[in-house]
Amino acid sequence: MAAASLAQRKYVAPVEVFVSLGWVPAHRVEAWRQGRFSPLTEALPVDNERITEALRCLHDWAKENGLTPAGTTYTAATRDRRDLRFTDDDTLDALCRTHWLSADLSDKQRARLAERQNKAPDLTVNTADRAWSCAGCGDPGEPGDLVLPAGPLCLTCADFDHLVLLPAGNAALSRRARRESTLCVLVQRFNRRRKRYERQGILVEADALDRAERQCLADEDVRARRRERDAQRRAVQDVEFQAAFAAGIQQLYPGCPAERAHLIAEHAGTRGSGRVGRSAAGRALDENAVRLAVIASVRHLDTAYDRMLMDGVPRAEARERIRPDLDRVLARWQRA
């Protein structure tokens, strides 16, 4: 897991290792980054001794691979920009803040990465998913309202009520509105099915949005041509990635037909699909990610799994019932 993170991001962070180990879900880390609670150990099911052991293993692995340590600042996405804590133990907290950087980075790349990692996160408001009450004025709120998570606070009590919402979807307009606005706030919604926060747009000053819209109208033709070139480039990249993913499948499962391997790679690696091939491990061609993609394909196309789900069979029971058929296909494909 650390190797996949290194291949994708050029660094490894302890907090990402905690997520990979299953000690804390990513949405709880996001809540911690938003300043909802601190230290992070409140959400960890392990004690400081286990954390120290995990960090020692990460340290040894990083040294073996020639990685460079770099201390990193963790700041809450709150108006006071307070310092976030991993643990109440100062020594252990410092270790948790230590990121391990790839030895392949140039000095300039290392400086840019350090600047990005130490930058304070965006101020955020969330879309409420249930009725709530403002901790400032006490007024009741409804599902769908925008709420400052630390509190929670309504937009008036958070001093954000003068801002207007720019929905997500236009990257150029969002980028320019953010640059033009003195105050900018990220709007998020928690997706319970995917267990993660998803960007809904930004809150910006009305005058800043007007200026950004005028800028976008002035160079629409240039940006349209650029989008076309970018789409062509991404299409080439996707074809190359899917070919590499298919090769990874046939390396693990030499008996898998070449056409089927390419179909699995195309399905798992579709851009924006959220499937395993687009995960950090999948893009790094991690063996486990490749194996999961193959298993998913066999489960849906070579067994009665989907029909069982349609008949109302519980998911766990259906998976157990089709396991012999699944194992039979995988065993056949493992033979050259």
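**Cores, sheets and helix packing in the predicted model**

Isoleucine 51 makes contact (heavy atoms within 4.5 Å) with Phe18, Trp23, Thr41, Leu44, Val46, Leu92 and Cys96, leaving aside residues up to four places away in sequence. The model is predicted, with local features needing pLDDT of at least 70 and side-chain atom pairs counting only at pLDDT 80 or more, while totals for chains, interfaces and linings use all residues. Residues are numbered from 1 along each chain as its sequence is written, and side-chain values use heavy atoms, with hydrogens and water left out.

The largest nonpolar core has 36 residues, of which Phe18, Trp32, Ile51 and Phe86 touch the most other members. Such a core is a set of buried Ala, Val, Leu, Ile, Met, Phe, Trp, Tyr and Cys residues joined through side-chain atoms within 4.5 Å; buried means under 20% relative accessible area, with a 1.4 Å probe and protein chains only. Two or more residues each come from strand E1 (11–12), helices H2 (14–20), H3 (26–33), H4 (48–64) and H5 (90–96), and strand E3 (98–101). Helices (H or I, at least four residues) and strands (E, at least two) are DSSP runs, numbered from the N terminus. H4 gives the largest share of this core, five residues. Another core, of 25 residues, lies apart from it and includes Ala293, Ala304, Leu326 and Leu330.

E1 and E3 also belong to an open, antiparallel sheet of three strands in the order E1-E3-E2. Strands count as paired if DSSP finds at least two bridges between them. E2 and E3 are joined antiparallel by four bridges, and proline 69 has tryptophan 100 of E3 as its bridge partner. H4 lies across E1 and E3, at about 25° to E3. Angles run from 0 to 180 degrees between N-to-C directions, and axes are lines fitted to C-alpha atoms, for helices over the stretch in contact.

Four residues separate E9 from E10 in a hairpin, where lysine 195 in the turn has a positive phi of about 55°.

Finally, the axes of helices H10 (residues 258–268) and H12 (residues 287–301) come within 10 Å and cross at roughly 105°. H10 is therefore roughly perpendicular to H12, a class that covers 65 to 115 degrees. Arg260, Ile264 and Ala268 of H10 meet Ala293, Val294, Ser297, Val298 and Leu301 of H12.

How values were computed
Parallel < 35°, antiparallel > 145°, perpendicular 65-115°, else oblique. Buried < 20%, exposed > 50% of the residue type's maximum accessible area, 1.4 Å probe, protein only.
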